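Colleague: Could you walk me through this one? I have not seen it before.

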Amino acid sequence: MEKYLQGKTCIITGAARGIGKALAVKYAEQGANIVLMDLNKEMVEATAKEIEALGVTVLPLVVNVTSSQEIEAAIKEVESQFTKIDVLANCAGISTSRLILDIEEEEWDRVFNVNLKSVYLLSKYVGKNMIKNEVKNGKIVTISSQASKIGELGNGAYCASKAAVNSLTQVLALELAEYGISVNAVCPGFVDTEMLQEVFQKRSVIEGKAPQEYEELLKGQVPMKRLATPEEIAEFMLFLSSEKANYITGTSMTIAGGKTLI
Ligand SMILES: NC(=O)c1ccc[n+]([C@@H]2O[C@H](COP(=O)([O-])OP(=O)(O)OC[C@H]3O[C@@H](n4cnc5c(N)ncnc54)[C@H](O)[C@@H]3O)[C@@H](O)[C@H]2O)c1
């Protein structure tokens with residue numbers, strides 16, 4: 001069967017675990033060269049080993065995606081090994097569990113730097129690489145969140161940063177369309193990852209509930225009555241990263257089991 005990404009080079013940020021890791025596996029199954037970027041050295045190297053076993057070339061890089069210097073150095077390393085970059089998947093992200101009246105400025109800035117500034121920085125460096133190398137049908141796909149479309153109590157910095165990701169996606173889509181580069185975001189609901197488990201632990205306190213009770217409460221608010229798997233989100237991101245999605249740009253599709261409908 002034809003592989004969607006044969007011979008293409010794909011960068012995934014936040015790739016050591018969670019949705020980023022699930023996406024890296026999907027890209028590898030479709031024949032891509034894989035560049036994994038993450039803060040966590042041990043985890044990113046362990047993930048690289050797992051993905052290499054699928055028979056593709058993997059470059060694991062320890063990068064803080066909020067640092068333009070680290071990103072610039074990482075992109076140089078990618079260019080020296082693969083020259084052109086075909087796909088950028090921005091998956092790195094962090095959440096907060098603090099009311100707006102309580103959140104300190106430093107934490108607010110940290111959330112915006114990881115969730116939003118990183119997307120601007122990576123898109124800038126990768127976009128320039130795609131244009132310089134005349135990459136055909138380049139793709140940028142970013143994980144936003146259902147929280148970009150609805151307010152969530154105790155999650156203000158995250159909601160606002162993800163809403164800004166959707167806006168940045170639209171502008172990037174406009175500015176890169178003439179080069180044939182499409183730019184999209186996906187807006188997942190509750191996805192069963194370690195990040196969400198941490199949210200259950202911390203936000204349940206704000207809601208005055210036990211973590212398990214809070215998890216059940218949130219699941220009960222989803223029309224489909226369950227969490228998404230990381231693979232379900234990664235599957236749609238794979239489609240958006242492939243040439244099957246060449247005419248789709250500037251979108252921010254919600255994948256939330258119906259959560260934002262009610
Ligand atoms: N899990 C959910 O319910 C959910 C829902 C909607 C959106 N999202 C979004 O999906 C993305 C992935 O979330 P996840 O649940 O897989 O989270 P996760 O915490 O399991 O994985 C995130 C990864 O990003 C890395 N990372 C964090 N800060 C970084 C930095 N400064 N530089 C480089 N790497 C960094 C972490 O080390 C980690 O490996 C995030 O953008 C998140 O906001 C998650």
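This is a predicted model: local features need pLDDT of at least 70, side-chain atom pairs count only at pLDDT 80 or more; totals for chains, interfaces and linings use all residues.

Colleague: Is strand 2 buried or exposed?
Modeller: Six of the six residues of strand 2 (residues 33–38) are buried, so the strand is largely enclosed by the rest of the structure. Buried means under 20% relative accessible area, exposed over 50%, and partly exposed in between (1.4 Å probe, protein chains only). Strands (E, at least two residues) and helices (H or I, at least four) are DSSP runs, numbered from the N terminus.

Colleague: Which way do its residues point?
Modeller: Asn33, Val35 and Met37 point one way from strand 2, and Ile34, Leu36 and Asp38 the other way.

Colleague: How many bridges join strand 1 to strand 2?
Modeller: Five bridges join strand 1 (residues 9–13) to strand 2, and the two run parallel; strands pair if DSSP finds at least two bridges between them.

Colleague: New topic: how many salt bridges are there?
Modeller: The count comes to 12, a salt bridge being a side-chain nitrogen of Lys or Arg within 4 Å of a carboxyl oxygen of Asp or Glu. One of them joins glutamate 243 and lysine 8 (2.6 Å, N to O). These partners are 235 residues apart.

Colleague: Is lysine 8 buried or exposed?
Modeller: Lysine 8 counts as buried, at 12% relative accessibility, whereas glutamate 243 is partly exposed at 39%.

Technical notes:
Residues are numbered from 1 along each chain as its sequence is written. Side-chain values use heavy atoms; hydrogens and water are left out.
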